[in-house]
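Please open the model in your viewer and keep the selection panel at hand, so that each stop of this tour can be picked out in turn.

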Amino acid sequence: MMRLDKLLAHVGYGTRKEVKALIKAGRVHVNESTDIKDKTQVDEFHDHITVDGNPIAYAPHHWIMLHKPAGVVSATQDNVHDTVMDCIGEWMAPDMFPIGRLDIDSEGLLLISNDGKMAHRLLSPKHHVAKCYEVHIDAPLQEDDCMRLCAGIELEDFTTQPAQLEIIAPCVIHLTIHEGKFHQVKRMLQAVGHEVLYLKRISFGPLHLDEQLQPGEWRYLDEEEIAALSAIQ
Ligand code: URA
């Protein structure tokens, strides 16, 4: 059982305020009745709930693609900084969490979900989910640096899997890595004598950052995207 307003917000009918207005306007029916309130407890699996006559489909798991902006931390709570959960609104937040981390100054694709099982799979080192970053560096890479990055480079605590590197402009590269260790990209570049000036994740496994999303904006994943994530072996 859950509150009606929570359920409607959960399935994407808007903020708590917007959902309350829908209920007040008599546009929501629960088992054919409009004698309901935002607080009404409903059975999300069995009650027949409609909005403007359209039945709602309850799916217990949500998947969101956020274009993380710089300046927010990849956590559900922080005493000092805004978090990525602030980007998607407090109402969405209760059981959702970021899938992995981007540094506070990094931008780009961050998944947010409440599907703990799948999150665990995607983050597990066993699956080596590829992550591609657009990286702006202080000076062009030398051929030897490229070879070291691609071969797998020794860091203090581990040796990276071979990475894929594409030179986009003299000081801009696309680097694809297969782990997700703390500050990994920055540390890899540092190991070949370079400083990272800007870092943006442009893909995570089969998903690419939606170019329509500005930093701070988000959208739900579509069914194909969720299926592509589920198919990761
Ligand atoms: N590697 C980093 O160094 N920082 C990030 O935010 C992501 C990958």
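In which helix does Gln 184 lie? Select residues 184–191, which form helix α6, and Gln 184 will be among them; helices here are DSSP runs of H or I with at least four residues, numbered from the N terminus. The model is a predicted one, in which local features need pLDDT of at least 70 and side-chain atom pairs pLDDT 80 or more, while totals for chains, interfaces and linings use all residues. Residues are numbered from 1 along each chain as its sequence is written, and side-chain values use heavy atoms, with hydrogens and water left out.

Stay on Gln 184, which is buried with a relative accessible area of 3% (buried means under 20%, with a 1.4 Å probe and protein chains only). Leaving out residues up to four places away in sequence, Gln 184 touches Phe 158, Thr 160, Ile 177 and Glu 179, where contact means heavy atoms within 4.5 Å.

Next, select the ligand, whose surroundings include Ser 106, Tyr 133, His 183, Gln 184 and Lys 186 (a heavy atom within 4 Å). Helix α6 gives the largest share of this shell, 3 residues. Display the distances from ligand oxygen atoms: 2.7 Å to a side-chain N or O atom of Ser 106, 3.4 Å to a backbone N or O atom of Gln 184, and 3.0 Å to a polar backbone atom of Lys 186.

Finally, move to Glu 225, in helix α7 (residues 223–230), which is buried with a relative accessible area of 13%. Beyond its neighbours within four places in sequence, Glu 225 is in contact with Met 65, Leu 207, Arg 219 and Tyr 220.

Notes: Helices (H or I, at least four residues) and strands (E, at least two) are DSSP runs, numbered from the N terminus. Buried means under 20% relative accessible area, exposed over 50%, partly exposed in between (1.4 Å probe, protein chains only). A polar contact is a pair of N or O atoms within 3.5 Å; within protein, one must be able to donate a hydrogen and the other to accept it, and residues adjacent in sequence count only if both atoms are side-chain atoms.
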